[in-house]
Amino acid sequence: MPESAVVDEPKVFGGLRGRDLLVLGVLALALRLVHLNHTPHYDEFFHVLAAQSWLRDHDFCIAQCRQPYTRGLLFTWLVIGAFKLGGISLVVARIPAVLAGTMWVLAVAAWTGRVGGRSAGWLAGVLMLLDPGVLYLSQLARFYGLHALLFWLGAAALYFALTPGTGGRRRLGWLVACAVALLLAFSLQVTTLIGVAALALWAVLDQWRRIFDLLRHSRIAQVAAAIIIVIGVAVLIEFWISGKLAGLWRTYRWSTLWTRSEADNPKYFFNFFLEQYGWLWSLLPIAGLVALWSR
């Protein structure tokens with residue numbers, strides 16, 4: 001029976017139904033609970049020790065506390081909440097990551113179902129819940145899975161805000177949701193700015209006709225654009241003269257000791273995905289051509 005003939009249950013975001021997301025959520029959660037007591041990774045103890053310190057002394061000290069550990073503080077607060085509910089243990093500390101990973105699967109499936117249909121949503125959901133990298137982050141008491149979820153939600157909110165036919169109030173709501181999600185993501189990872197730059201570039205390319213028409217017919221828009229450009233150039237010059245630009249360059253060029261040899265390798269992530277995802281990554285160019293042809 002065609003999907004259009006099924007009317008017994010409303011669709012979520014125009015693609016997947018509530019029961020679809022429920023099944024995907026249960027499967028994703030169950031898979032992430034398997035072997036949750038695996039061998040600890042040393043990165044996990046940053047949040048665990050900081051959370052224990054807060055519960056004990058109301059600070060985020062670890063080791064000799066030369067300085068409080070405040071990186072990824074949002075995730076540390078989630079670990080604190082988990083400890084209050086389930087007691088102090090590494091397995092409990094991993095619960096926020098488990099829930100974030102499960103929600104990440106559902107968010108990807110829901111968005112894909114919205115733009116590509118129910119079958120595409122299911123396929124995306126299954127690929128996500130079985131993805132070894134996503135599964136690994138979902139079982140680690142570290143903020144990476146939560147960061148990925150927040151960035152995905154921000155990107156999806158921006159997509160919905162710019163979707164043709166979206167009303168003014170709804171567009172504003174999506175833009176606010178986008179800003180909140182991306183700000184929370186930035187609080188976890190400064191590299192979020194790279195993704196934000198990519199989203200901004202996509203938004204300009206997607207809306208260039210509307211932007212061009214607005215600039216052509218509105219004097220206020222022209223003045224505003226000129227002011228934004230002048231401020232942007234001034235900030236860039238100030239950052240360059242003060243050395244902040246060089247500092248940012250060093251920050252975003254920094255790499256850990258065990259990846260230092262790959263710091264200047266432009267093919268690093270290409271090779272990483274080829275190694276981790278093999279045939280799926282190799283089929284990406286074909287998928288891109290099919291997408292261009294069909295859309």
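Predicted model: local features only at pLDDT ≥ 70, side-chain atom pairs only at ≥ 80, totals over all residues.
Q: What share of the 295 residues is buried?

A: Burial is judged from relative accessible area, with under 20% as the cut-off. In this protein, 32% of the 295 residues are buried.

Q: Among contacts between residues at least 6 apart in sequence, what percentage join residues at least 24 apart?

A: The figure is 67% for this protein.

Q: Which residues make the contact between helix 8 and helix 9?

A: Helix 8 contributes Leu146, His147, Leu150, Phe151, Leu153, Gly154, Ala157, Leu158, Phe160 and Ala161. From helix 9 come Arg171, Trp174, Leu175, Ala177, Cys178, Ala181, Leu182, Leu184, Ala185 and Leu188. By residue class, the contact of helix 8 with helix 9 comprises 17 nonpolar, two polar and one charged.

Q: At what angle do helix 5 and helix 6 pack, and what is the hand of their crossing?

A: Helix 5 and helix 6 meet at an angle of about 155°, and their axes lie 7 Å apart. These two helices are therefore roughly antiparallel to each other. Helix 5 passes helix 6 in a right-handed crossing.

Q: Which residues of helix 5 and helix 6 meet?

A: On the helix 5 side they are Trp104, Val105, Val108, Ala109, Thr112, Gly113 and Gly116, and on the helix 6 side Arg118, Ala120, Gly121, Ala124, Gly125, Met128 and Leu129. The contact of helix 5 with helix 6 divides into eight nonpolar residues, five polar and one charged.

Q: How are helix 11 and helix 12 arranged: roughly parallel or roughly perpendicular?

A: Helix 11 (residues 208–217) and helix 12 (residues 219–242) pack at about 110°, with axes 5 Å apart. The two are therefore roughly perpendicular to each other. Leu214, Leu215, Arg216 and His217 of helix 11 meet Arg219, Ala221, Gln222 and Ala225 of helix 12. Sorted by class, the residues of this contact are four nonpolar, two polar and two charged.

Q: How is a nonpolar core described, and which residues have the most contacts inside the largest one?

A: The largest nonpolar core has 38 residues, and Phe83, Trp104 and Leu146 have the most contacts inside it. Elements giving two or more residues to this core include helix 1 (18–33), helix 2 (44–57) and helix 3 (73–86). Helix 5 gives the most, with eight residues.

Q: Which residues does Trp104 contact, leaving aside its neighbours within four places in sequence?

A: Trp104 is in contact with Met128, Val134, Leu137, Gly145, Ala148, Leu149 and Trp152. A second, separate core has eight residues, among them Ala155, Leu158, Leu182 and Ala203.

Q: What is noted about the phi of His35 and of His58?

A: Most residues other than glycine have a negative phi. For His35, phi is positive, near 55°. This residue lies in the loop between helix 1 and helix 2, and it counts as exposed because its relative accessibility is 54%. His58 likewise has a positive phi, of about 60°. His58 lies in the loop between helix 2 and helix 3, and at 56% relative accessibility it counts as exposed.

Q: Where is Ile227 found, and how far is it from Arg210 in space?

A: Ile227 is found in helix 12. Ile227 counts as partly exposed because its relative accessibility is 46%. Ile227 and Arg210 are 17 residues apart in sequence, and their C-alpha atoms are 19 Å apart in space.

How values were computed:
Residues numbered from 1 in each chain as written. Heavy atoms only, no water. Contact = heavy atoms within 4.5 Å. Helix = DSSP H or I, 4+ residues; strand = E, 2+ residues; numbered from the N terminus. Nonpolar A, V, L, I, M, F, W, Y, C, P; charged D, E, K, R; others polar. Core = buried A, V, L, I, M, F, W, Y, C linked by side-chain atoms within 4.5 Å. Buried < 20%, exposed > 50% of the residue type's maximum accessible area, 1.4 Å probe, protein only. Axes fitted to C-alpha atoms, helices over the stretch in contact; angles between N-to-C directions. Parallel < 35°, antiparallel > 145°, perpendicular 65-115°, else oblique. Left-handed = near helix turned anticlockwise from the far one by under 90°.
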